[in-house]
Amino acid sequence: MAHRILITMDDLEAAVRLNAAFEAAGYETSMVSAQDDQKAAVLRDDPDLVLLTGGLHEPAAARLLGLVRDGRVATLGLLEPTETDATAVAHRMGLTAVLPKPADAAETVALCRRLIERKQLQERTGILGDHPAIQEVLIKIEQMAPVSSTVLIEGESGTGKELVARAIHDLSPRRARPFIAINCAALPETLLESELFGHEKGSFTDAVERRLGRFELADTGTILLDEVGEMPPSTQVKLLRVLEEREFFRVGGATPIKVDVRVLAATNRPLREAMATGDIRSDLYYRLNVLSIYLPPLRERRSDIPLLVRRFIHEFSKLHDRPFRGIEPAALQMLVDAPWPGNVRQLRNLVESMVVLAPTSEIRPEDIPRETREQGRERLLPVKVPGMAREVAGQELTYIVQSLLDLRLQVEDLRRRLEEHPQRVEVIEVPHEAPDSEVLVSGGPVVSRGAEAGRAGRPRDAVVYETGMSMADVERATIETALAQTGGNRRKAAEMLGIGERTLYRKLKEYEAGGGSISSLT
Ligand SMILES: Nc1ncnc2c1ncn2[C@@H]1O[C@H](COP(=O)(O)OP(=O)(O)OP(=O)(O)O)[C@@H](O)[C@H]1O
Ligand SMILES: [Mg+2]
């Protein structure tokens, strides 16, 4: 079916000339003037691309863009030659792309074709965003999907690594074959090996049956090794062998198994850094890093936030059957300014909760949770950072400054609390039979003995120290409390405790070996 282009008539000469070029290239076109009913035109023509021929700073242009602004429709603006900063205009207006005038007809048609194809790819993969960094990711996905080479996908938590991995698989010739993901940080070492490579019957106590590993299950398809930077050294050696020879042994097996699997690897922590600290072998690093994709954190592509917010509002209002008008400009600005440490995932979850909880059919500033509002950039003071070795881009600098301010506030808060209540950091001994309310009177950091005491009515948000506990007991009680607070979520608990997930698993395993288990584990 022919793609549809809606052309504005602000620059009539350009509009007529380009209209003819689009028609000659097989597109369906229509024109709209600033005086026409733009909404009716958009509804009637359902364009794939809107081409603004001029008047970019006029209210009519903003109105028209507002009608197509949830990101499904590509938008191209033609800029006057006097306009100096094209990128800034594109960002401010939320345009997919801009071209300086006079726009060459063939070049404009070719660019529009690419923009429409890119939008279709975004609809297909769910990877939203007009920011150049996301557009670059999409180009890479298109280039990398058809081949079988290993791809390393790097980016902070919630930036869309799994989304990208699925997109690569779905656009590859393997799309009809299995896509298998495994989180390398979520399993203790021996289990991870048997998950990846399978095991033979009787190879260890619980191995009552032969079991196929994920590599065998993914044969002819794709495997995603998530959090590959957390893989234990012995497993790394085995993985290296698979990458080099495409063959491995099941745990306890003697026959080599051959597989045809495309390997994708994802990591929150830059893998080069993991190599520098010796957590990842260098030969494995180079094997994994054949092709690579980096997903920027949301704070480095804030111009995409309005589009994401609108899309998520649309998605969740449909899902929860809540007719929703949208978001007030002041509320949207707060979301654009927030730091988003949890990236797109955090934004998506927040929008869902606001769509469900907002009392009116529009998100207002007061519907945004206080933490998000207060963490916004407006809190920032202008700070000069002396001696910066390289040029730091505005948003990156904002983030650095914000982190420094946060850190300073935390340190000040801690110091103040220590000065005010030195006794609060003392260890407080509590008799076994003390009821919860008494345990907490001090309000300070209190620790309690192991799992048994914990189950006997210890509050879930405090660790209570009792006479005779060793440091190991304290550690165990702390881990149990963290797990209780995170509802058994090991990843969050590890994060809360400031230790690696793998360290947490090792400790849990040690406790298991020493008898007993952690009660709140899920
Ligand atoms: N560019 C994007 N457009 C739309 N949705 C996105 C985008 N990036 C991420 N998301 C959404 O954010 C959520 C988190 O994405 P995903 O699971 O791919 O992140 P991740 O990088 O794998 O995170 P983690 O490291 O925590 O596993 C998902 O709901 C995903 O659909
Ligand atoms: Mg992930």
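Colleague: In strand 8, which residue is the bridge partner of N183?

Modeller: This is a predicted model, and in it the partner of N183 is D226. In general, strands of a sheet pair through backbone hydrogen bonds, either parallel or antiparallel. Here strand 7 and strand 8, the latter spanning residues 222-226, are joined by 5 bridges in the parallel sense.

Colleague: In what order do the strands of that open sheet lie?

Modeller: The order is 7-8-11-6-12, which makes 5 strands with parallel pairing. At the edges are strand 7 (179-183) and strand 12 (291-295), each of which pairs on one side only. With direction ignored, neighbouring strands in this sheet are turned against each other by 20 degrees on average.

Colleague: Which strands does helix 6 lie across?

Modeller: Helix 6, residues 132-144, lies across strand 6 (151-155), strand 11 (262-267) and strand 12. The angle between helix 6 and strand 12 is about 155 degrees.

Colleague: Now strand 4. How many bridges join strand 4 to strand 5?

Modeller: There are 4, and the two strands run parallel. Strand 4 covers residues 74-79; G77 has V98 of strand 5 as its bridge partner.

Colleague: Is the β-α-β unit of strand 4, helix 4 and strand 5 right-handed or left-handed?

Modeller: Right-handed, with helix 4 covering residues 86-93.

Colleague: Which side chains of strand 5 are buried?

Modeller: Follow the side chains along residues 97-100, where they alternate between two faces. A97 and L99 point to one face and are buried, with under 20% relative accessible area.

Conventions: Residues numbered from 1 in each chain as written. Chains lettered and ligands numbered in written order. Predicted model: local features only at pLDDT ≥ 70, side-chain atom pairs only at ≥ 80, totals over all residues. Heavy atoms only, no water. Buried < 20%, exposed > 50% of the residue type's maximum accessible area, 1.4 Å probe, protein only. Pairing = 2+ DSSP bridges. Right-handed = clockwise from strand over helix to strand, strands pointing away. Axes fitted to C-alpha atoms, helices over the stretch in contact; angles between N-to-C directions. Contact = heavy atoms within 4.5 Å.
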